[in-house]
Amino acid sequence: MATADVAVPQPKLSERDTVAGKTVRFFEKGPMNLLLALVGLLWLVPTIGLFLTSILPAQAFTVKGWWQIFAKPSLATWDNYRQVLHTHAITHSLLITAEIAVSNTLLVILIAALAGYAFAWLDFPGRDWIFVGVIAMLVVPLQMALIPMFTLYNHLGLYDTVLGIVLFHVAFGLPFGIFLLRNFFVGIPKDIMESARIDGASELVIFFRLILPLGLPAIASLAIFQFLWTWNDLLVALTFGQNVQPITVAIFSNLRQFGANIDIIAPASFISLIVPLAVFFAFQRYFVQGLLAGSVK
């Protein structure tokens with residue numbers, strides 16, 4: 001006996017999947033997307049202007065400005081960058097800046113991760129009150145400590161040293177780092193650590209084998225913040241350094257001494273901008289996750 005054909009019902013397109021629905025959504029979001037694109041373009045104008053200035057001869061820039069390159073692209077040259085890379089003061093300042101930024105970032109991550117784990121999962125007397133004290137240090141302005149630390153550094157022989165600048169940045173970066181990582185570590189399921197303890201793992205093993213890998217989003221976010229703050233610092237470097245000059249101080253010194261030497265200042269500034277930007281893009285996949293650490297239970 002022949003079987004009757006059974007009609008298979010076709011899925012009905014929802015209103016959102018139709019061409020009309022997509023068109024309506026496009027026009028609804030169009031003005032907002034256009035506004036965001038305009039704001040983003042305005043934010044990029046100074047960076048684009050700095051880059052174009054860095055590839056212009058100094059004489060051409062002083063006459064008409066960087067926008068003339070659109071009319072005369074032949075004015076562009078890489079001689080400014082070659083000159084900067086052969087300037088010992090600039091290259092030495094870049095190395096000092098990298099040394100300060102990387103070393104203090106690693107110290108802040110290690111100490112803040114250990115302290116954050118202790119505040120999140122270890123019981124010890126006064127834990128909550130100590131954590132309140134850490135949060136209170138977040139509101140202490142950096143400028144309040146400059147003069148007392150300057151006096152202390154003179155007595156300890158840390159003035160005008162890389163170590164002194166690194167320790168200052170570590171001290172003021174730890175409160176935020178501990179706060180951020182502690183909030184993230186609290187959200188890690190307790191069952192994971194209890195299982196590890198039952199298997200005989202020590203606290204150090206749990207920290208290095210479980211906490212650090214699971215806390216990578218928050219750690220990467222902290223690394224971005226701390227590296228950017230340190231790399232772009234001018235005030236602390238000016239206060240505690242004389243011969244030890246990061247790139248910000250070197251650019252400031254050239255700007256003060258050679259105000260018309262734009263062919264050195266512009267490429268050095270753009271190189272100083274590119275390095276932290278590259279660090280941000282390298283860790284941006286973890287950035288939002290780290291910012292939302294501890295906000296959702």
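**Helices 4 and 7**

I started with a pair of helices in this predicted model: helix 4 passes helix 7 in a right-handed crossing. Two packed helices are described by the angle between their axes and the distance between the axes, and I looked up both. The axes of helix 4 and helix 7 cross at roughly 35° and come within 6 Å. I then sorted the residues where helix 4 meets helix 7 by class, and I noted 22 nonpolar, 6 polar and 2 charged residues in that contact.

**The cavity**

My search of the whole structure gave 1 cavity of 30 Å³ or more, and the largest cavity holds about 50 Å³ of space. Which residues line the largest cavity? I wrote down Thr-97, Ile-100, Ile-165, His-169, Thr-230, Trp-231, Asp-233, Ala-237, Pro-246 and Thr-248. Helix 4 (88–121) and helix 7 (162–186) turned up again here, along with helix 10 (216–231), as the elements that give two or more residues to this lining. By class, I have 5 nonpolar, 4 polar and 1 charged residues around the largest cavity.

I moved on to open space. The largest pocket has a volume of about 320 Å³. I found 16 residues in its lining, and those nearest the pocket centre are Leu-142, His-169, Phe-172, Gly-173 and Trp-229. Helix 7, helix 10 and helix 11 (235–240) each give two or more residues to the lining of the largest pocket. Which element gives the largest share of that lining? I noted helix 7, with 5 residues. The classes for the pocket lining came out as 11 nonpolar, 4 polar and 1 charged.

**Aromatic pairs**

Last, I looked at the rings. The whole structure has 17 aromatic pairs. I picked out Phe-176 and Trp-229, an edge-to-face pair with 5.6 Å from centre to centre and 65° between the planes. Phe-176 lies in helix 7 and Trp-229 in helix 10, so this pair ties together parts that are 53 residues apart in sequence.

Definitions and conventions. Residues are numbered from 1 along each chain as its sequence is written. This is a predicted model: local features need pLDDT of at least 70, side-chain atom pairs count only at pLDDT 80 or more; totals for chains, interfaces and linings use all residues. Side-chain values use heavy atoms; hydrogens and water are left out. On a 1 Å grid over the protein atoms alone, a cavity is a set of points where a 1.4 Å probe fits but cannot get out, and a pocket is an open set with protein on both sides within 12 Å along at least five of seven lines; lining residues have an atom within 4 Å of a point. Grid points are joined across faces, edges and corners, and a volume is the space filled by probe spheres set on the points. Helices (H or I, at least four residues) and strands (E, at least two) are DSSP runs, numbered from the N terminus. Ala, Val, Leu, Ile, Met, Phe, Trp, Tyr, Cys and Pro count as nonpolar, Asp, Glu, Lys and Arg as charged, and the others, Gly among them, as polar. Axes are lines fitted to C-alpha atoms, for helices over the stretch in contact, and angles run from 0 to 180 degrees between N-to-C directions. A crossing is left-handed if the near helix is turned anticlockwise from the far one by less than a right angle, and right-handed if clockwise. Rings of Phe, Tyr and Trp (its six-membered ring) pair if their centres lie within 6.5 Å; planes under 30 degrees apart count as stacked, over 60 as edge-to-face and the rest as tilted.
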